[in-house]
Amino acid sequence: MAKVQTSAANAVSEAAKLGTKMLTGGRLLQAMRDVDVEIATTPKDLVWRQDKVSLFHYRPLAEKRIGVPVLICYGLVGRWTMTDLQEDRSLVRNLLNLGIDLYVVDWGNPSRADRYLTLDDYILGYLDGCVAEIANRAGVKRVNLLGVCEGGVFTTAFAALEPARINTLTLTITPIDFHADTVEDRPGHGFINIWTRSISAEDVDRFIDANGNLPGEFMGAIFNQMSPIRSLLKYNLDLLEIADDETRLLNWLRMEKWIADRPDHPGEAAKQWLKDLYQQNKLVRNEWELEGRLVDLGNIRMPVLNVYAKDDHIIPPATSRALGPKVGSSEYTELALAGGHIGVFVGGRSQALFAPAVASFLERHDNSRG
Amino acid sequence: MTPSDYAKAVAGFWTAQGQAFLKAQRQLGKALAEGATAMASGTLPSMPEMPTDLSASVADLATAGQSVMEMWSAATAMCGKLATTFPTADGGDATVEATFRKMIDPRSWMASTGEIDEVLGRMADAPRFADLWEVERRYARVVQAWMNVRRRGLEHSVVVLEAWLQAGRRFAEDMAGRAGADAPDAKATLALWTETANRQLLETQRSEPFLATQAAMIRASTELRLAQQELVEHFGRQYGFPTRTELDDVHRTVTELRREIRAMRRAQQLPPSATPPAASTGQPPATQSVRRQKTKRKGTR
């Protein structure tokens, strides 16, 4: 095997550059404080709380253009702070700047004491409470829902069960057909779908019985498995590459902060998530029940905007797009964004496309008098 | 350190670690099997419902360990071969070179793919118990479950190491095709290995053997944790400490009570179509709503 010999001058130059980069990076890291990498900083007020669930109302950043308020609903895997990661990469700020009245629900940090909470509790209990509070505060009969990932499933189910209380439904990177990962069958895509089908329902039950909840750390390990070699490079070469660039380093650290914030998923709710949906695919089959009520997607008659990421390896596009033929709405629109699961929120191109598309959709269907 | 020295060091480390591990497994298994036999024959205090198949578990564990050793030997040879493919640099790309050497080391590979195993291991291995004779039956179940976790872990490691070998072969073939003037520089070599290894591992992760051995590993670690909890609950009952089961009962009750309160509150509210517009009180909305919520909570106590 031939070897590439670098010249002595070139080697010295490269070594000097590397040394400077490391030195600068070291100084930057030393000077940084936790406050420098704060995320989700857009001003908001706590307006409602029940158990560990908090509802926040964002302070306006522009004149209100759309009267019906919007509730952002993230899931129990990860946290909503992804929607407001930093000032120049924030769906929240972008929506506020477009005159939207915005709320977000935070599910808190479930502990072992919350292991018996079900998805019924989250959807028909807490989410119901949030919707009622927002409607009451705004003086409207119906609110707009914006669901993200698992939170998109929450809002979809709620819209199907309580259609009279929902004005529009916007979904983002939301799985509907949990077996549609096989449509494209791209390597590295849909691993969670494959993994959950490789274990039995009894495995899920025993795992939750043993651990109480679905540990956030465990889900983090599953996510890391989806890009195994990238994870190896992350804290050496990737970090070194950006070490002397303060802006990029701060962005990287903010993302790390979000990734590290992995709440545990309440056990009974996790059983439903993994067995009813990932394994048995009940949602798209209209077989899912909450509090004994059937979630019939045909009941979703309000306008729907379904946003998905073309290269989403966690929620493959086909799993989201399966909603189209199932809803009863005459106005169903899809928006395909470039990039992956998280890129929808933090990607440069998404900043100019995502929020304006949502605002335009909401404006078309705004009926502030309810 | 030259590539050759590096490969030798890695090989030496693996061989020593592997042999030490296997020896320790055999000694542990032998001791457990002898103990079980002695107890069954009445030499030591009897153990009701004592698992009788510890010897079988030991044999399975040894077999799994042997498979890993064989794969390690093959991986050692491959690592040495891969190390010689890296372009010699005179200092400028030391970080890239170090990263490359780390990444072609199967220990790194195993570390990345074994993350779930580590997480499960931490969850399962937390309590440690030293005295076999106090709580024989439960402790023996823990040991049996622990041996099963190790065995399943080793079986999964074989699948991962096979993937590593396959990635190494692909990489070596690719590099051989780029010899001479087309030889990539250090960064390109690292990028090629990253791409090759990632592709191979993603393929492997979707394979039946990988998924089956990983599921077996999760199942085994779950059973270990449950066996440990059973043992701890036994202690708890003996000494009057609250147990996990009792706490779970309390948590279940609290959750059900909260659920009932929510349902009652919902039933008391007007139907959505009759929801009145928000009254203007002149107070900041946020303060008003939070105050209202606090008042409600007081009322429920």
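**Notes on the predicted model**

1. In chain A, the axes of helix 3 (residues 119–138) and helix 4 (residues 150–161) come within 10 Å and cross at roughly 80°. Axes here are lines fitted to C-alpha atoms, for helices over the stretch in contact, with angles running from 0 to 180 degrees between N-to-C directions. Helix 3 and helix 4 of chain A are therefore roughly perpendicular to each other (the term covers 65 to 115 degrees).

2. This is a predicted model, in which local features need pLDDT of at least 70 and side-chain atom pairs count only at pLDDT 80 or more, while totals for chains, interfaces and linings use all residues. Residues are numbered from 1 along each chain as its sequence is written, and chains are lettered from A and ligands numbered from 1 in the order in which they are written.

3. Where helix 3 of chain A meets helix 4 of chain A, A:Y122, A:I123, A:L124 and A:L127 face A:F154, A:A157, A:F158 and A:L161 (contact requires C-beta atoms, placed from the backbone, to lie within 7 Å). The residues of this contact divide into 8 nonpolar, no polar and no charged (nonpolar being Ala, Val, Leu, Ile, Met, Phe, Trp, Tyr, Cys and Pro; charged being Asp, Glu, Lys and Arg; polar being the others, Gly among them).

4. Chain A contains 14 helices and 12 strands (DSSP runs, numbered from the N terminus: H or I of at least four residues for helices, E of at least two for strands). An open sheet of mixed pairing is formed by 8 strands of chain A in the order 1-2-6-3-7-8-11-12 (pairing requires at least two DSSP bridges).

5. Within chain A, strand 3 (residues 66–73) and strand 6 (residues 100–106) pair in the parallel sense over 5 bridges. A:C73 stands opposite A:V105 in strand 6 of chain A. Helix 4 of chain A lies across strand 3, strand 7 (143–148) and strand 8 (166–172) of chain A, and runs at about 145° to strand 7 of chain A.

6. Confidence deserves attention in chain B, which averages a pLDDT of 69, with 47% of the residues scoring at least 70 (pLDDT is the predictor's confidence in each residue, from 0 to 100). Helix 10 (residues 285–300) of chain B is lowest at a mean of 36, and helix 9 (residues 244–268) of chain B is highest at 93. The model scores ipTM 0.83 and pTM 0.78.

Conventions. Angles under 35 degrees count as roughly parallel, over 145 as roughly antiparallel, 65 to 115 as roughly perpendicular and the rest as oblique. Two residues are in contact if their C-beta atoms, placed from the backbone, lie within 7 Å.
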